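Hi,

Here is the structure I promised to pass on.

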Amino acid sequence: MQHPNAVNRLDRLPISRFHKITLLGVAFAYFFEFADINSFATTAPKLIGLWGVTVDQVAYVTSLSFVGMFIGSVVAGAIADRWGRKKTLIRTTLFFGFFSFAATFSWDIVSLGVFRVLTSAGLAAMTVVAVIYISEIYPSAVRGKFQAYAIVIGICGTPATNLIASVVVPINDWSWRLVYLWGALGILLVFFTRHLKESPRWHESRGDFAAAEAVLTEIETQVAAEKGPLPEPAPPVDEERPTKAPLRLLMQRKYLAPTLLLTVLWVTQTIGFFGYSSWAPTLLAKEGFSVEKSVFYVALTTVGAPLGSYLAALVTDRFERKWCLVAFGTVIALCGLLYGLTFNPVLIIVFGFLVNLFERGYTALAYAYSPELFDTRSRALGTGISYGLGRLSNAAGPLIIAALYNRSGYQSVFYFIAGSWILGAVALAIFGPRTRLARQAARTPDRAPA
């Protein structure tokens, strides 16, 4: 059966206003995902004094939030295949925005924990869909760059939230609630709805070739009106109509290896990043820094995050993504360890800045790398499962960190975090497939579609 040739037709499009508006829409969703994801970390030090919350209770709320992320990631893969990439992106963003708003009315740590679990489910679901959406909409030769550009803008939500928290949390006993109200503004993504197009590759993967053709024609018309006549795409190939991807599909050898590798990648990234970002304010406060200083120091370190995403944009399509991930992960391990070995405020800010810089670059690279290891049929399922298992792993991470802190002290936490990053770098170095040759082939006009 002949299909509309979505891959080749999208790949030969020049970057245009359509791509830039799409970038802004996804970046807006990312902004409030990153803005909201550390909300609990920035308010936990206040709640320790206000509600008598213990370190163990902070650990339980954080752990359960990652269970919510796992559920959201797995569900996202299924509903993105059922509803489409665009609809799922909008609905998951509305979901996490609603429950972040609900968190402003929390009356104790239990109610706040419930709202954070539901918010986290929406955050992870949105992330999975956004990664897939960019992978399928942008030309393969530059999709890594635009994935990173979206995060460059989106990641600004992290320092924005931390700086806002550093100002509003100390004001009085209720002002910490404004942090969650800020995170709820992601619901404004609805204003981008009419500018985002459904993925024609998703329509094509379902055998809905008429819908795929309609979307492709609309996109091509917009681009041609701005850029002039378009080059001819490579010809389509005959394919059997694809069927629904069942969970057992990932047990096939073709899909099992990348699923396992990406699970390791996301497990180590999750424990390594959230072990650092979720705990840094609380641990600094426990080590004698005031709540105001601990939140402010962490806010300063997160300024490096947008620069890290921009660094990823510079290297992601020029070099092999696998080796970029290995290099970034190793640097994060070293800087994170040095962060944990000093109590000098200047060095805390410097090493924390470097951790945030390279970690956000790592995440941007991983968002581009992950969906490339799957075909269209398995992409949502494989990306969602591996990302979700990574997030689920951190249900144990905070409990391990709390136990390490209580038994062995502050610095042992950072030895554990550094070890997680090194494990991920080694796994990628040994088992990670290369994807650069496939991306280079996308630049060849007479290639056959993958």
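Helices (H or I, at least four residues) and strands (E, at least two) are DSSP runs, numbered from the N terminus. The model is predicted, so local features need pLDDT of at least 70 and side-chain atom pairs count only at pLDDT 80 or more, while totals for chains, interfaces and linings use all residues. Residues are numbered from 1 along each chain as its sequence is written, and side-chain values use heavy atoms, with hydrogens and water left out.

The overall picture

The chain has 21 helices and zero strands. Of its 450 residues, 61% count as buried (under 20% relative accessible area; exposed is over 50% and partly exposed in between, with a 1.4 Å probe and protein chains only). Among contacts (heavy atoms within 4.5 Å) with a separation of 6 or more, 87% are between residues 24 or more positions apart.

Two packed helices are described by the angle between their axes and the distance between the axes. Axes here are lines fitted to C-alpha atoms, for helices over the stretch in contact, and angles run from 0 to 180 degrees between N-to-C directions. Under 35 degrees counts as roughly parallel, over 145 as roughly antiparallel, 65 to 115 as roughly perpendicular and the rest as oblique.

Helix H2 (residues 17-37) and helix H5 (residues 85-103) cross at roughly 30 degrees, with axes that come within 11 Å, so the pair is roughly parallel. Their crossing is left-handed. On the H2 side the contact uses Val26, Ala29, Phe32, Glu33 and Asp36; on the H5 side, Leu89, Thr93, Phe96 and Ser100. That makes five nonpolar, two polar and two charged residues (Ala, Val, Leu, Ile, Met, Phe, Trp, Tyr, Cys and Pro are nonpolar, Asp, Glu, Lys and Arg charged, and the others, Gly among them, polar).

H2 also packs on helix H7 (residues 143-154): the axes come within 7 Å and cross at roughly 50 degrees, so this pair is oblique. The crossing is right-handed. Residues meeting here include Tyr30, Phe31 and Phe34 from H2 and Phe146, Tyr149 and Ile153 from H7. By class, the H2 and H7 contact has twelve nonpolar, two polar and no charged residues.

Arg143, Gly144, Gln147, Ala148 and Ile151 of H7 meet Thr363, Ala364, Tyr367, Ala368 and Glu372 of H17.

Threonine 363 sits in helix H17 (residues 345-372). Is threonine 363 buried or exposed? At 1% relative accessibility, it counts as buried. Beyond its neighbours within four places in sequence, threonine 363 contacts Ile151 and Gln269.

Threonine 270, in helix H12 (residues 253-277), is buried as well, at 0% relative accessible area. Leaving out residues up to four places away in sequence, threonine 270 touches Phe66, Gly275, Gly390, Arg391, Ser393 and Asn394.

Cheers

Terms used
A crossing is left-handed if the near helix is turned anticlockwise from the far one by less than a right angle, and right-handed if clockwise.
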